[in-house]
Amino acid sequence: PAIFHLRRHNMLRALSSRTVQHPHALLRPFSSTVSQPGYVGNSSSQGAPRMTTDPVPKISMLLELRDKPGALHEVLRYFWKYDLNITRLESRPKTLNALGEARFDFFVDFESPSKNSTQVSSLLASLESMTTKAMILDEKDVNWFPRHLSELDLIANRTLDAGADLESDHPGFNDQVYRDRRGELATVAQEYVWNESIPRIDYTKDEVATWAAVWDRMEGLLEKHACSEYKSSFEAMKKHCGYSRENIPQQQDITDYLRDKTGFRMRPVAGLLSSRDFLAGLAFRTFFSTQYIRHHSMPLYTPEPDICHELLGHAPMFADQDFADFSQEIGLASLGASDEDVQKLAWCYWHSVEFGLCKEDGEYKAYGAGLLSSFGELEYACADYRPAGGTEERPELKPWDPAVAGVQEFPITTYQPIYFVAESLNDAKSKMRSFCEGLKKPFLSRHNPNTDSIWVDRPVRRAVGVPEKKDFAASA
């Protein structure tokens, strides 16, 4: 007992994870091992972002032990002997080597100013005969990713287009009043800071009329072709979030409801983000949402995502736990991932969160927002009759398989020729999780909802694609 001294309680808590068999369940949120300074928040996620660095450098070590009674106890006493304070101890499920011998991997984080210190060298020498593997995990340079909710401020304004920058074929291109309004709403989004309430928008008469036109066209189709999870959430949000034909709901009201249901939140954004930045938000159960609406001259057409798409298509689905978990799974897998894997994840997102179908009582129902906000494509994808959606053609339906969806190309200006069909939302989530676990990631990550921070299982240096000051000047 003296060996553990004051650290005994924390170590025993960590050791209790040894009996858990699912790899994801073994991960625990501990203090950062990232050496690069970054924005963090306090434990209550309140107050302005602040710059910080870890007070004591940490080193990560991988230990492989033979599965026998007392093996871990014998190893840990050398950390005490050399006065190395352990800050994290994490097990991995038991494996068998080529000879059929049981092995356990343990990841250990401990405080030390240098991996070349006398203490660390002595520790490694002592562990050599007691372990089948003992190695220091060096820091890896990875693509920059947010470690705390506050760091979404650093990427929220890295839009690929500004809210007021319209293409020449946009219905509102020659309408200066509309362009000014888009600029006004873009400014609201650009000035938003993570720990503030989302500003309430006073939508104009034309904007509400446009919303109503879309509502009228979609309402009957949603009742017929939307999945049951969507319909249940949509009815609840009419009651709790102000959804109605005559009222455009406010993002803060939606956030308050979603936070209570699944922990998701909305965050205003001025325009389109890169796949990497957008998916990073999902890791924090945060959905970047536009606040502008399509031009009133063509209420049933939009060349870009608008609030009809975001609030009618996406928001109700985030009130479902399986769908919320599914979305976050994609986001977590994107953190620090290669460009190739981010593209695969983005294409999986397109074929599911945007255009996914599921089965219900032998019928095809929509859970993807691109379908749930498009009267023509919703009918085209789900109806068993023709013509549907204004065409006699039928799409190809494939079973939901992220490995296939991740490399399946798609058009962005026409109906989808291929849709992926999940057996259920839980089936979609399970297959997505398995796919994400198979990606070659530089680290494993988990989201800690209590601190709104991301825990990673080894030291990494966020050195690639670091946000520039201009990207967050409005919120710094």
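Which residue in β6 is the bridge partner of leucine 96?

1. The partner of leucine 96 in β6 is alanine 102. Strands β5 (residues 95-96) and β6 pair in the antiparallel sense over 2 bridges; pairing requires that DSSP finds at least two bridges between the strands. The two form a hairpin with 5 residues between them, and glycine 100 in the turn has a positive phi of about 80°.

2. This is a predicted model, in which local features need pLDDT of at least 70 and side-chain atom pairs count only at pLDDT 80 or more, while totals for chains, interfaces and linings use all residues. Residues are numbered from 1 along each chain as its sequence is written, and side-chain values use heavy atoms, with hydrogens and water left out.

3. Strand β6 (residues 102-111) has 8 of its 10 residues buried, so the rest of the structure largely encloses it. Buried means under 20% relative accessible area (1.4 Å probe, protein chains only). Strands are DSSP runs of E, at least two residues, and helices runs of H or I, at least four, numbered from the N terminus.

4. β6 also pairs antiparallel with β3 (residues 58-66) over 9 bridges, where leucine 63 partners phenylalanine 106. With β4 (residues 86-91), 5 antiparallel bridges are found; leucine 89 stands opposite valine 108.

5. The whole structure holds 23 aromatic pairs (ring centres of Phe, Tyr or the six-membered ring of Trp within 6.5 Å; planes under 30 degrees apart are stacked, over 60 edge-to-face, the rest tilted). Phenylalanine 79 and phenylalanine 110 have ring centres 5.5 Å apart and planes at 70°, so they are edge-to-face. Both are buried.

Notes. Buried means under 20% relative accessible area, exposed over 50%, partly exposed in between (1.4 Å probe, protein chains only).
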